[in-house]
Amino acid sequence: MSRTLLQVRQLTTEFRSSRRTLTAVNGVSFEIREGQTFALVGESGSGKSVTALSVIRLLPEAARLVSGSIHFEGRDLLALPEREMRDIRGSGISMIFQEPMTSLNPVVKVGRQITEVLMRHQSMSAKQARERALDLLDAVRIPQPSYTIDTYAHELSGGMKQRVMIAIALACKPRLLIADEPTTALDVTIQAQVLDLINDLQEQFGMAILFITHDLAVVKQVADHVAVMKEGVIVEQSSNEVFFSAPQHDYSWDLFAALPAMEKRGKPLLERNHVSHWPTAANATQNDTLQVRDLAVYFPIRKGLFKRTVGHVKAVDGVSLEIPPGKTVALVGESGSGKTTVGKSILRLIQPTLGEVTYQGMRLHEIDRSQLLEQRANLQIVFQDPYSSMNPRMLVGQIIEEGIKALNVIVDAEARRQRVLELLEQVGLDKDAHLRYPHEFSGGQRQRICIARALAVNPKIIICDEPTSALDVSVQAQILDLLNHLQARYGISYLFITHNMSVVAYFADRVAVMYQGRIVEQGEVEQVLGNPQHEYTKRLLSAVPTLVPPVRAA
Amino acid sequence: MLPGKPVFLLTDILIFVLVLSIVSFFAYAMRKPHLRQPWGQVVRSRAGVISMIVLAVYVAIALLDSLHFHPVLENPAADSTEVQYSGEVISVFDQLVSGLRASTEKTYSAPFSAHLYAKETVQQADGTRVRVYPRLAWGAAHLEEPHTQKTADILGLALTGALKAALVWAVLLVLWALYLSARTARAFPVAFRTLFDGRSEVPWRTVSVTLGVVLLVLMVGAEWASKYHVLGTDKVGEDVLYQALKSIRTGVVIGTLTTLLMVPFAIVLGIMAGFFRGWIDDVIQYLYTTLNSVPGVLLIAAAVLMLNVYMSKHAEAFASLTQRADMRLLFLCLILGLTSWTGLCRLLRAETLKLRAVDFVQAATAFGVGPMQTIFRHILPNVMHIVLITLVLDFSGLVLAEAVLSYINIGVDPTMNSWGNMINSARLEMAREPIVWWSLAASLFFMFTLVLFANLFADVVRDALDPRVSR
């Protein structure tokens, strides 16, 4: 068996503010062996990133390492002076972060950022460093290293930036690489490439990896050893095989249970929900099908003194789809494929350039203001980011009420208040929530408020723009259950915009796959996911890390 | 009640409107937790409470100096039975420091001096003439032998002042502790101790100490000023301390009214440009870019000179010299405001552009909420922190701008007391031999204190309100 590289014992880290002390990491112990990939899994706020930052002693100012020991190759990291610690960072342990967009300095050429590290840690000359940087860029499979080395960060795509970050992290051949959610901000196809790359480089360089993520499927793919963190404590540690066949801790089971999957269709994700299966939706006529035909949205590119239009960005280019009543249509695609633009232009939040949207015999883009107001009540939207979708200066009650007031659904103030309370109950929130401000709620609760706001005007169709992508899996499960429940009860249709294939498999009836502004394939979920026809769909599906949740013995 | 017939100058009215709106804003903000929270942070910071106390003293003086009236004539014409009013306009503050106002000398005298600063030929009782430094009419007039008695007298007065300050301080602290103990339902000694133990959330110890120091300075200063010219006298023998104190109002008016006048422009135009985009945005952008490319000083000079011409042609339109000077002050505020709204406008436009694309504004659009409602409900409340930060940050800059403009003679009316005018006249005094330094020193000291604490306050406010500053 290989030697122990990093040994963490009883690590406790606290955040102190003037009011209270928050223990982010509470007595965590683990070991990483040479060449091993150690995955730290947990939901947001579980303390996994703080653990990593404690290891390389880069904690934010408010945090304090209270107790415990960290040994790296036998040296006590906590006893080292900052000067020696700097040598360890980079050449001994290096780190890559979640957000490749902000981790690179935008005003320094990419190559310079790599050579800087080399010249600092390995005392190379400028020329040697450049040679080595080219090798590294080649190693992280950047197509034209000699061109890329002289570019700036903004000229590269997200995946490329993350590759450059990895190249910088690898520059000094570290023995331990800490990867903090390295693929979370990337599209699945890019994620697959980056994970592949990390895997290959690990063999090539023979380093150990501390891999931090919330995504169990990714863990399954990369990790040798898994540790599950919850509220600052490691609740379970075991090898990959053991963990994914027979997890020990209840919390691990909860995590698996919350994962949406094709097999769980028609059943609620969380057992807490009492409804065992969803009742079928009420019947509706063909007239209530929303039809989108040849929708196109072009953004003009303007140049010069008089802002002449010199060309167009075709964000959406001829999209046709149907949303039948009481059904869920998923719109799948990677970032930049135009799926959000489709959603917003259906609602006329963005004016489409061409095409038409018909609902209840009306062409939504040609009707006048009063007719549009009527239709606004039928079509609603739930946004991706639960933090920016509510005005922080308004009470929750006022937020939910806004639509009812604007569309004159209920004129009487007292009746309106009753309706708000009823809505809060429907989405599973306390009644007194209406007198509180959005910032007092967690992400999942906020998303519930947003759903209540959309429901307030009795819509027939809700456009859900990645409503769960900013949430943890357990919260995602709650929201999906809620949406399912509401659909069963009120026969609402959803246009569910997402990039998460397992959510699609669990949740949607039909799916449309978008690629570069066009729909390349659409059909029933089973058919498209089970037997994809288009090249892109195949590529997308093969890139998604798959995970068959273990089954708990009764 | 005012001891005379009240006069409402335009700037008086505006400054009280401003005070009223600030008070009502805070009354409103106290009821909203998200608005109260950042101000709670201001009150909890040491620099915040210190600067608030010092600024409160300045503002109090400025407000007292903004209640103007015609005083009752003390020797009315014999043939009238009615109360007669003097044509002169004075303020409540003038009345309070009437000692200082009336105690004029012949010409320059140094701080705490008993003699004039220049030798004069004096005819003695025996008919001979000598050139001596004559005694002052008022300063140190109570002393027989200034040379021997002065130091002891000054110290004695300081002691009296310190005792008075200690007394007032103690009374205030006891009252405050009583209030605290009543509000928090704690025993009086416990409440009293929280004022000094430095462990409370609001830094009461800092408040108590600052209050003590401020009281000490005020009381000792008052004692001295009752017998001496603490900061000397100027060329025409006016007390420099009085001038410096009177200048406070000018500074505060310029600092606050200017922003008050510019803020509506900036808000309306900035939000319109950012929200409606298109040709409206273009017009507004061209407007402020054009305005920004004209040198501000040039614009101000042109406007003030035009006003001068207008005033000399329409002299009959102004009831008194004070009113005329006041008009000029207001006009200066206006023109300063006109040249300085562009910065805030640009900030607000950018912020509105950002907010417009934020999900909650989109959600409102999806509900069919009209543009005006969207602006008032979603945009305006979310840009107000920028307005507030700009208001406090601009204040000190404007006080300094007044000094600079008055120095080059395009500032406030020469008859109006202002630090700028004091510095302007100090130009000649500095060239004199022996040098007359106290006018300059006094104006710089008063201005420096105001600007320093205004800046400290602005920093604290910005830290509390700016969402980009992490907490």
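Predicted model: local features only at pLDDT ≥ 70, side-chain atom pairs only at ≥ 80, totals over all residues.
The secondary structure of chain A consists of 20 helices and 20 strands. Its radius of gyration is 26 Å, close to the 24 Å given by the globule rule for 554 residues, so chain A is as compact as a globular protein of that length. Taken along the principal axes, the box filled by the C-alpha atoms of chain A is roughly 70 × 60 × 50 Å. Of the 554 residues in chain A, 54% are buried. When contacts in chain A between residues at least 6 apart in sequence are considered, 68% join residues at least 24 apart. The charged side chains of chain A number 60 positive and 60 negative, and the centres of these two sets are separated by 5 Å.

Chain B contains 16 helices and five strands. The C-alpha trace of chain B spans about 100 × 70 × 55 Å along its principal axes. Buried residues account for 45% of the 471 residues in chain B. Among contacts in chain B with a separation of 6 or more, 69% involve residues 24 or more positions apart. Chain B carries 37 positive and 33 negative side chains, with the centres of the two sets 9 Å apart.

Helix 4 of chain A, formed by residues 110-121, has twelve residues and reaches 18 Å from its first C-alpha to its last, close to the 16 Å expected at 1.5 Å a residue. Its buried residues are Val110(A), Gly111(A), Gln113(A), Ile114(A), Thr115(A), Val117(A) and Leu118(A). The cover over the buried residues of helix 4 includes helix 5 (126-139), helix 6 (145-148) and helix 7 (158-170) of chain A. Helix 4 is followed by Ser123(A), which has a positive phi near 45°.

Helix 8 of chain A comprises the 18 residues 188-205; at 1.5 Å a residue these should span 26 Å, which agrees with the 25 Å between its end C-alpha atoms. An α-helix has 3.6 residues a turn, so residues three or four places apart point the same way. In helix 8, the buried positions include Gln191(A), Val194(A), Leu195(A), Ile198(A), Leu201(A) and Gln202(A). Val188(A), Thr189(A) and Leu197(A) of helix 8 are also buried. After helix 8 comes Gly206(A), with a positive phi near 65°.

Helix 15 of chain A, covering residues 413-426, has 14 residues, and the distance of 20 Å from its first C-alpha to its last is close to the 20 Å expected at 1.5 Å a residue. Buried in helix 15 are Arg416(A), Arg419(A), Val420(A), Leu421(A), Leu423(A), Leu424(A) and Gln426(A). These buried residues pack against helix 14 (396-406), helix 16 (443-455) and helix 17 (473-490) of chain A. Helix 15 is followed by Gly428(A), whose phi is positive, near 80°.

Terms used
Residues numbered from 1 in each chain as written. Chains lettered and ligands numbered in written order. Heavy atoms only, no water. Helix = DSSP H or I, 4+ residues; strand = E, 2+ residues; numbered from the N terminus. Rg over C-alpha atoms; globule rule 2.2 N^0.38 Å. Buried < 20%, exposed > 50% of the residue type's maximum accessible area, 1.4 Å probe, protein only. Contact = heavy atoms within 4.5 Å. Lys, Arg positive; Asp, Glu negative; His and termini not counted. Charge placed at Lys NZ, Arg CZ, Asp CG, Glu CD. Expected span 1.5 Å × (residues − 1).
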